[in-house]
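This note sets out points on the fold and the ligand surroundings for a colleague's review. Please read it alongside the sequence and the coordinates.

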Amino acid sequence: MRILIGGGSGFVGRELTRLLRDKGHEVTLISRLPGPGKITWGELESQGLPPCEGAVNLAGENLMNPLRWWNESYKKDLFSSRIDTTKALSRAIAASSSPPHSWVLVSGVACYKPSLTAQYTEDSEWTPFDLLSRLVKEWEAAALLPENVAKTTKQVIIRPGAVLGRDGGAMKQMLLPFWLGLGGTLGSGRQPFPWIHVSDLAEIIVHALEPPADTPPSSSPQVFNGVAPALNTNYEFTKELGRVLRRPTILPVPGFVMNALLGSERAVVLTEGQKVIPKRTLESGFQYNYPDLTSALKEIVN
Ligand code: NDP
């Protein structure tokens with residue numbers, strides 16, 4: 001298959017590109033910058049969708065960019081980098097004379113309201129309740145294809161938890177302090193910590209790119225929670241990472257410090273969390289390589 005990946009130069013995109021190429025597929029990235037194997041967002045808008053059987057959007061300003069202070073301009077970039085790129089791709093798919101058979105958006109679990117007790121599956125109803133859930137609502141709405149195109153193009157939304165891997169995401173920022181014995185629980189530590197290993201997320205995306213089983217595909221998007229089936233808390237994650245690294249984890253970081261450092265609207269992704277069940281992902285027959293924290297963290301650390 002020929003696969004087009006918006007934001008494919010990033011952490012998840014590099015893993016996905018490697019996996020697709022290993023499986024013999026052709027990958028073209030859409031990027032802000034020109035280069036070999038890439039087109040730019042401007043070229044997508046001016047020249048239309050290049051021939052492809054599948055399209056994915058992974059583009060977005062990093063939510064945990066340590067170099068950016070939490071302010072209105074950063075929030076605006078978080079929204080526009082996701083919504084404008086997603087709209088550009090869905091518009092190009094809709095305008096194409098031969099649209100791809102699959103269109104996959106990777107969004108996030110921030111749509112589910114943080115709770116110590118509630119459990120969320122892909123079928124859970126939700127309405128926006130804060131900044132990040134509003135972002136997910138607008139982002140996923142931007143991906144919707146017109147009805148006539150949805151008759152031939154399967155629409156899939158994957159909602160990952162924290163993506164764990166050596167080369168990016170949360171682990172990249174956490175490994176050094178944990179190595180130095182400065183790691184500890186965040187906030188109360190009791191909050192759920194939905195997570196997935198980056199290679200499992202890449203496999204779920206590849207699974208979603210397969211041609212639709214039903215003809216015509218369902219006109220509304222299929223949603224898959226991109227999380228590991230193990231339900232862990234921040235405390236369990238912290239202790240397991242310390243154990244795998246053989247380092248103490250006795251320095252908790254209080255919630256108010258996280259709020260001051262990150263801004264409270266963003267710190268919620270670490271100080272609060274949701275119990276997210278990958279019900280439909282499991283029902284689809286997907287087999288995780290890293291279903292539990294021990295196997296995932298050992299692969300990352302070793
Ligand atoms: P990255 O932070 O690695 O960014 C992906 C790509 O987005 C970059 O390589 C870049 O591509 C493009 N990008 C960055 N900033 C902008 C901008 N301001 N405007 C347009 N494009 C931009 O993301 P990940 O690979 O970690 O994540 C992929 C997707 O999954 C994102 O949408 C993210 O929100 C979502 N997600 C990630 C999680 C995680 O833990 N990593 C958790 C949950 C969801 P280029 O420079 O080529 O233009």
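1. Basis of the note. This is a predicted model, in which local features need pLDDT of at least 70 and side-chain atom pairs count only at pLDDT 80 or more, while totals for chains, interfaces and linings use all residues. Residue numbers start from 1 along each chain as its sequence is written.

2. Seven strands form an open sheet in the order β3-β2-β1-β4-β5-β7-β10, and their pairing is parallel; two strands count as paired if DSSP finds at least two bridges between them. The edges are β3 (38-40) and β10, each of which pairs on one side only. Ignoring direction, neighbouring strands of this sheet are turned against each other by 20 degrees on average.

3. Strand β7 and its partners. On one side, five bridges join β7 to the parallel strand β5 (residues 102-106), and V106 has I158 of β7 as its bridge partner. Strand β10 (residues 222-226) also pairs with β7 in the parallel sense, over five bridges.

4. Burial is judged from C-beta atoms placed from the backbone: a residue is buried if 20 or more other C-beta atoms lie within 10 Å of its own, exposed if 12 or fewer, and partly exposed in between. Seven of the seven residues of β7 (residues 154-160) are buried, so this strand is largely enclosed by the rest of the structure. K154, V156, I158 and P160 point one way from β7, whereas Q155, I157 and R159 point the other way, and all are buried.

5. Strands β1 and β4. Strand β1 (residues 2-6) runs parallel to strand β4 (residues 54-57), and four bridges join them. L4 has A55 as its bridge partner in β4. V56, found in strand β4, is buried, with 31 other C-beta atoms within 10 Å. The C-alpha atoms of V56 and G6 are separated by 6.2 Å, although these residues are 50 apart along the chain.

6. Axes are lines fitted to C-alpha atoms, for helices over the stretch in contact, and angles run from 0 to 180 degrees between N-to-C directions. The axes of α1 and helix α7 (residues 198-209) come within 9 Å and cross at roughly 60 degrees. That makes α1 oblique to α7; angles under 35 degrees count as roughly parallel, over 145 as roughly antiparallel, 65 to 115 as roughly perpendicular and the rest as oblique. α1 passes α7 in a right-handed crossing, a crossing being right-handed if the near helix is turned clockwise from the far one by less than a right angle, and left-handed if anticlockwise.

7. Further helix pairs. Helix α8 (residues 234-245) and helix α12 (residues 293-301) have axes that come within 10 Å and cross at roughly 45 degrees. This makes α8 oblique to α12, and the crossing is right-handed. Helix α9 (residues 255-262) packs against helix α10 (residues 264-271) at about 135 degrees, with the axes 7 Å apart. These two helices are therefore oblique to each other, and α9 passes α10 in a right-handed crossing.

8. The ligand shell. Which residues come nearest to the ligand? Of the 26 residues around it, these are G7, G10, S31, G60 and S81; a residue counts as near if its C-beta atom, placed from the backbone, lies within 6 Å. Two or more shell residues come from each of α1 (11-22), α3 (72-95), β8 (162-165) and α6 (169-179). α3 gives the most, with four residues. By class, the shell has ten nonpolar, twelve polar and four charged residues; Ala, Val, Leu, Ile, Met, Phe, Trp, Tyr, Cys and Pro count as nonpolar, Asp, Glu, Lys and Arg as charged, and the others, Gly among them, as polar.

9. Residue K279. K279 lies in helix α11 (residues 279-283) and is partly exposed, with 17 other C-beta atoms within 10 Å. K279 and T121 are 158 residues apart in sequence, yet 5.9 Å apart in space, C-alpha to C-alpha.
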